[in-house]
Amino acid sequence: MFAFVSKYKNVREVLMDQKLASLGDSFVNFVYSLALSRRRGEPTGVKVSSRVLSEALKKAGLRRLLPSRTDRHIQADAAEALIVYAWVQNIMTMEEAVNILEQHEDPVEAFCAFLLTIRKKLNLANTSS
């Protein structure tokens with residue numbers, strides 16, 4: 001569906017791709033807004049913070065895939081890149097994403113569950129800190 005995804009040799013390249021993270025930023029905000037809209041029963045638009053995404057990345061055990069001196073913003077970008085990568089690769093559907101995110105009140109827990117599902121589907125080794 002998207003020819004650019006074939007250029008990645010490993011997950012670390014996905015996590016570090018700033019252009020993919022930029023696309024992921026829009027996707028993450030959209031699917032989370034859909035999840036909140038469904039849960040609240042009214043249209044809701046939100047921007048997911050870097051703090052939420054970086055904490056979720058750590059809780060999901062994916063932080064170790066990044067260089068050691070990586071700030072919160074880069075960690076959030078990595079989460080966004082991985083999330084959109086999973087979608088463009090048909091590893092995770094938008095409906096699955098919304099369903100997972102909708103189940104959790106706390107946004108960190110919601111994105112942790114989302115990233116854990118992606119991690120499992122990508123068959124990533126145990127990378128927890």
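A residue counts as buried when its relative accessible area is under 20%. With that in hand, welcome to a set of close-up views of this predicted model.

View 1. From its first C-alpha to its last, helix 4 reaches 24 Å, close to the 24 Å expected at 1.5 Å a residue. Look at the start of the helix as well: there, a side-chain oxygen of D71 reaches to within 3.1 Å of the backbone nitrogen of H73. After helix 4 comes N90, with a positive phi near 60 degrees.

**View 2. Q75 is a buried residue of helix 4.** You will find Q75 in helix 4. Is Q75 buried or exposed? Its relative accessibility is 5%, so Q75 counts as buried. The side chain of Q75 reaches the backbone oxygen of T70 at 2.7 Å. Leaving out residues up to four places away in sequence, Q75 touches S54, L57, K58, R63, L66 and T70.

**View 3. Helix 3 packs against helix 4.** The axes of helix 3 and helix 4 are 8 Å apart, and the two helices pack at an angle of about 70 degrees. Helix 3 and helix 4 are therefore roughly perpendicular to each other. On the helix 3 side, the contact is made by S50, R51, L53, S54, L57 and K58. Helix 4 contributes R72, H73, Q75, A76, A78, A79 and E80.

**View 4. L62 sits in the loop between helix 3 and helix 4.**

**View 5. Helix 4 crosses helix 6.** How do helix 4 and helix 6 meet, and at what angle do they cross? Their axes come within 10 Å and cross at roughly 55 degrees. That angle makes helix 4 oblique to helix 6. The crossing of the two helices is left-handed. To see the residues involved, look for A79, L82, I83 and A86 in helix 4, which meet F111, F114, L115 and I118 in helix 6.

View 6. Y85 lies in helix 4, and at 12% relative accessibility Y85 counts as buried. Which residues does Y85 touch, not counting those up to four places away in sequence? They are V5, Y8, V14, L20, I91 and L122. Take V14 as an example: Y85 and V14 are 71 residues apart along the chain, while their C-alpha atoms are separated by 7.3 Å.

**View 7. N90 lies in the loop between helix 4 and helix 5.** Most residues other than glycine have a negative phi. N90 is not a glycine, although its phi is positive, at about 60 degrees. Is N90 buried or exposed? With a relative accessible area of 61%, N90 is exposed.

**View 8. Helix 2 spans residues 18-40.** Helix 2 has 23 residues and reaches 32 Å from its first C-alpha to its last, close to the 33 Å expected at 1.5 Å a residue. At its start, a side-chain oxygen of D17 reaches to within 2.9 Å of the backbone nitrogen of K19. Just after helix 2 comes G41, which takes a positive phi of about 75 degrees.

**View 9. The buried residues of helix 2 pack against several other helices.** Along helix 2, the buried residues are L20, A21, G24, F27, V28, N29, V31, Y32, S33, A35, L36 and S37. What do the buried residues of helix 2 pack against? Their partners are helix 1 (11-15), helix 3 (50-59), helix 4 (72-88), helix 5 (94-102) and helix 6 (107-121).

**View 10. S33 is a buried residue of helix 2.** S33 is found in helix 2, and its relative accessible area of 10% means that S33 is buried. A polar atom of the S33 side chain lies 2.7 Å from the backbone oxygen of N29. Setting aside neighbours within four places in sequence, S33 is in contact with T44, G45 and V46.

Note on methods:
Residues are numbered from 1 along each chain as its sequence is written. This is a predicted model: local features need pLDDT of at least 70, side-chain atom pairs count only at pLDDT 80 or more; totals for chains, interfaces and linings use all residues. Side-chain values use heavy atoms; hydrogens and water are left out. Helices (H or I, at least four residues) and strands (E, at least two) are DSSP runs, numbered from the N terminus. The expected span of a helix is 1.5 Å times one less than its number of residues. Buried means under 20% relative accessible area, exposed over 50%, partly exposed in between (1.4 Å probe, protein chains only). Contact means heavy atoms within 4.5 Å. A polar contact is a pair of N or O atoms within 3.5 Å; within protein, one must be able to donate a hydrogen and the other to accept it, and residues adjacent in sequence count only if both atoms are side-chain atoms. Axes are lines fitted to C-alpha atoms, for helices over the stretch in contact, and angles run from 0 to 180 degrees between N-to-C directions. Angles under 35 degrees count as roughly parallel, over 145 as roughly antiparallel, 65 to 115 as roughly perpendicular and the rest as oblique. A crossing is left-handed if the near helix is turned anticlockwise from the far one by less than a right angle, and right-handed if clockwise.
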